[in-house]
Amino acid sequence: MSPAGTQKSSSLTLVLMVASAASGGTLQYGYNLAIMNTPATFIQTFVNETFLERWDMLLEDYQVTLVWTIIVSIFSLGGFAGALIAGPLTIRFGRKKCLLLNNIFLMTGALLAVTSRAAKSFEMIIIARVLVGINAGISMNVQPMYFGESAPKHLRGAVSLSSAVFTAFGVVLGQVVGIREILGSEPCWQYLLASNAIPGVIQLLTLPWFPESPRYLLIDRGDKEACINALRRLRGCEVQSSELDEMLQEQAATKGMKHRGPWELFSDRSVRWQLITVMIISSAMQLCGNDSIYFYASYVFKEAGISADKIQYITIGTGTCEFLACILCNLLIERKGRRFLLMGGYILMTIWAVVFTIALSFEHYTSWMPYLSMACIFTYILSFGMGPAGVTGILSTELFDQTARPAAYMISGSMMWLNLFIIGMIFPFLVSGLSEFCFVPFGAVCLLSALFVGLFLPETKGKSLSAITSEFHKLNFKGQEEKCASQTTAQYQLGEVCLSTAL
C-alpha cells in the first residue's frame, strides 16, 4: 500500500471509529441537556394535570417549578453515579464493550420517557432522566479514554478532543430537534424525550465492527497479538516499532500492579499534582458558568427586543457557536498545545464576563447595551469551546498510567457532575441575589483557573507518559528534593558522598 493510501485508510478508520463511539457517547450529554428547554411548559402542565387527576389537587406555581427542577437536575445526579461506576466497568469489560453495554441505561430511559404520558406518570420521566444521566456519566469518562488510548501520539489530542466536538454537536442537534416544527410541540414532547435512543441504536449497529483499545488489550489483557491487530487496523499499515515499544515499556512498568481505586490515588504522593490538576480543571469546567449562560440567554434575548417566537431559533446559535469553536480547537490543539488553549480560553472568558456585567448594568440606560449582552453570550461560549470544553477531557488520559487512568476519570467525572448539579441549583439564586452582577463569580472562577493552568500545568502535547510524569515529579516531591539536595551538599563538604536519594 502506498503512503497516501496508508494515510487515507488510517484516517478513515479513526474517523469512523470516533463517529460510531461518539454517536451514543458524549453526543448524549449535549443532546439531553438541550432537549429539556422547549418542553418545559408542556411537562409542567402534565405534572399539574397528573396531580389533579390522582389527588384532585392543583399545585401552586412554586410546587410545579420544584418538580420541574427535580426532573432537570436529577440528570446530573445520574451522571455522578455513572462517573463512579465507569471505572470498574472499563476494567472488567474494556472500553468498547463498556460503551456498548452503556446503551442498556439509555434504551430503558427512552422507553420510560415515551410511555410516561400514556401511563400518566411524571415519576417515569424522573427515572428516565436518572438513567440517561448514568449513560452520559459513563460515556463522558469512557469515550475520551477509549479515544486517547487508540489514537497515535501525534493525533492523540485531536482525536480525544472530538469528544467535546460531539458534545457540542449534541447540543445543536437537541436544539434543532426541539423546535416546535419538529418535536417541540405539545403533542410530541414525550417523543422528544425518547429521541435520544436513535443515536444509541446507531452506535449499537456500528461500534462492534471496530477494534478495542490497543493499550487495554496489551496492558490490561496481556494479549500482544490482539494489540498488534488492533493497531494495524487503526493505523492502516504495519505497526511502528516505536509505538509498540512505548506500550511495552508501560506494560513492563505496570506489570504485577493492580488497577488502583480513587482512594489509593489520594494517598499516592507521586500523582498528587496530577490529581489536583484534573480535579480543579474538571470543576472549573462547570463552575465557569457556561451551561448556566444557556439558561440566561432567553432573558437577554428578550431584553434585546427579540420576539418570543423567534428566541428558539436564536438559541440554536449558542449551541452552534460552541460546536464551531470545538472544531477550531480540534484543528489547533496539536499546533498550539493543551496549556495555551486552556489558559487562553479562561482568560477570554474572564474578559467577556466583565464586559457582560458592564452591559447588564447599563442596559436600561443605553439602547444598544442589550445587543452587547447578546454578543457577550456568543463570545463567552466561543471562548469556552476553544479551550476548556475540549482540553479538560484529555488531561486524565495524558497524566495517568493504565492502572490509574480509570480511577482518575472516576474522580474528574464526579467533580464535573457534582459541580454541574450545584450550579444548576444555585444559579436562579445568583440571578435574583446578585442581579446584573450574577456573572462576577463565574469571571472569578475563570481568572483563577487561568492562573492555575499558567503556574502548574506543563505542556503535554506530543509527550510520552514518562516525560509528563517526570515534569510533575518536580512538584510532587519538591520539598523532599530540596531536603536531599541540602543534605548532599552538607555531606560533600564533610568529604562524604550521598549515593542514594530517598523519595
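Predicted model: local features only at pLDDT ≥ 70, side-chain atom pairs only at ≥ 80, totals over all residues.
**Main core.** I started with the nonpolar cores. The largest one has 66 residues. I looked for the residues with the most contacts inside it and got Leu265, Leu342, Tyr346, Tyr380, Phe400 and Trp417. Then I checked which element gives the largest share of this core: helix α21, residues 405-434, with nine residues. As background, nonpolar side chains tend to be buried together in soluble globular proteins.

**Phe400.** I picked this residue from the list to see what it touches. Skipping residues up to four places away in sequence, Phe400 touches Leu265, Val271, Gln274, Leu275, Val278, Arg405, Ala408 and Leu465. Leu265 is also on the list of residues with the most contacts inside the core.

**Surface patch.** Leu324, Ile327, Leu328 and Leu331 make a nonpolar surface patch of about 350 Å². I noted that Leu328 sits in helix α17, which covers residues 308-336.

**Ser20.** Last stop was helix α1, residues 3-23, where Ser20 is found. Ser20 counts as buried because its relative accessibility is 4%, and the cut-off is under 20%. What is Ser20 in contact with, leaving aside neighbours within four places in sequence? I wrote down Gln203, Thr206, Leu207 and Phe210.

Key: Residues numbered from 1 in each chain as written. Heavy atoms only, no water. Core = buried A, V, L, I, M, F, W, Y, C linked by side-chain atoms within 4.5 Å. Buried < 20%, exposed > 50% of the residue type's maximum accessible area, 1.4 Å probe, protein only. Helix = DSSP H or I, 4+ residues; strand = E, 2+ residues; numbered from the N terminus. Contact = heavy atoms within 4.5 Å. Patch = residues over 30% accessible without salt bridge, like charges linked within 9 Å, V, L, I, M, F, W, Y side chains within 5 Å. Areas by Shrake-Rupley, 256 points an atom, 1.4 Å probe, with all protein chains shown as cover. Salt bridge = Lys/Arg side-chain N within 4 Å of Asp/Glu carboxyl O.
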